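Open the model in your viewer and keep the selection tool ready. Each stop says what to select and what is there.

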Amino acid sequence: MRIATWNINSVTARLPKLLEWLESAKPDVVCLQELKCATDAFPYEEVRALGYETEAHGTGRWNGVAILSRVGLDDVLRGLPNQPGYLADGAMLPEQEPRAIAATCGPVRVWSVYVPNGREVDHPHYRYKLDWLETLRQDVAADAAGTRPFAVLGDYNVAPTDEDVFDVAAFEGLTHVTGPERQALADLRGAGLADVVPRPLKYDRPYTYWDYRQLAFPKNRGMRIDLVYGNAAFAAAVSDAYVDREARKGKGTSDHAPVVVDLAL
């Protein structure tokens, strides 16, 4: 069984790339993030033509998540059960952003998550990010401790260690590498999840994100922020995991590459 996660950075803009990749990589399940489209605007028919059912959760803004499956798509849950809202500047009420969706796909239960960016350390969005990660830990704890293969895949917007960024000094004082963010990931792992670290297809570090600016991709100035956290049953079944760096090449691509995990189930 092949499961992948990919921050697609607009499923509408990247649809040709997505369809091409689905045909070549042939994943059984795909977790997508940053759809940038409303739920009813997802290109369901195009991916159905390749054999995939889809459940999406989006508002048409910069968030949005989805799960594509050709091995079943059951017990769908949109949003974390106890998900915190974000009170944007000038807003009267907190907004429940579409950042999480879960489904059972054959023998595996998965969450596709798009963790808040955090923006700046002194910004309210940073506190929201930490609260969101703590809620994620609480809401997946039961599945993490279970015997069914289970994983939380997606764009976590946190590099777990200094080795997961091209130059930690370049991120001094910035989000994605701070102690509280990394502690939140450690707490999540403490709920019974292991970091399934993929192998790189090139170079020595499995980065998953490269900025569009300053030739970051050809210079390999990247970060590993797209993660696969699986419970013991999931981790024990992993036969291979890799970053499909080829999908990041060329024009019109996402600034993230897919992470692909093969399971012996």
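Start with the largest cavity, whose volume is about 50 Å³. A cavity here is a set of points on a 1 Å grid over the protein atoms alone where a 1.4 Å probe fits but cannot get out. Points are joined across faces, edges and corners, and the volume is the space filled by probe spheres set on them. By this rule there is one cavity of 30 Å³ or more. This is a predicted model: local features need pLDDT of at least 70, side-chain atom pairs need 80 or more, and totals for chains, interfaces and linings use all residues. Numbering runs from 1 along each chain as its sequence is written, and side-chain values use heavy atoms, without hydrogens and water.

Select the cavity lining: P200, L201, K202, Y203, R205, P206, Y207, W210, N220, V243 and R245. Lining residues have an atom within 4 Å of a point. Colour them by class: seven are nonpolar, one polar and three charged. Nonpolar means Ala, Val, Leu, Ile, Met, Phe, Trp, Tyr, Cys and Pro; charged means Asp, Glu, Lys and Arg; the others, Gly among them, are polar.

Next, the largest pocket. A pocket is an open set of points with protein on both sides within 12 Å along at least five of seven lines. Its volume is about 700 Å³. Which residues lie nearest its centre? Select F171, Y209, D211, R213 and M223, from a lining of 29 residues. Strands β10 (209-210) and β11 (222-223) each supply at least two lining residues. Helices (H or I, at least four residues) and strands (E, at least two) are DSSP runs, numbered from the N terminus. The lining divides into eleven nonpolar, ten polar and eight charged residues.

Move to the second largest pocket, with about 160 Å³ of space. Select W6, K17, E20, W21, S24, D244, E246, A247 and K249. Helix α1 gives the most to this lining, four residues. Here three residues are nonpolar, one is polar and five are charged.

Strands pair if DSSP finds at least two bridges between them. Select β1 (2-7) and β2 (29-33): they pair in the parallel sense over five bridges. N7 has Q33 as its bridge partner in β2. Contact means heavy atoms within 4.5 Å. Axes are lines fitted to C-alpha atoms, for helices over the stretch in contact, and angles run from 0 to 180 degrees between N-to-C directions.

Now the other sheet. Its six strands run β5-β6-β7-β8-β12-β9, open and with mixed pairing. Strands β6 (100-105) and β7 (108-114) pair in the antiparallel sense over six bridges. A100 has V113 as its partner in β7. Helix α3 lies across β6, β7 and β8 (150-155), at about 155 degrees to β8.

Finish with α3 (124-144) and α4 (179-190). Their axes come within 9 Å and cross at roughly 5 degrees. That makes the two helices roughly parallel, a label for angles under 35 degrees. Their contact holds nine nonpolar, no polar and four charged residues.

How values were computed: Angles under 35 degrees count as roughly parallel, over 145 as roughly antiparallel, 65 to 115 as roughly perpendicular and the rest as oblique.
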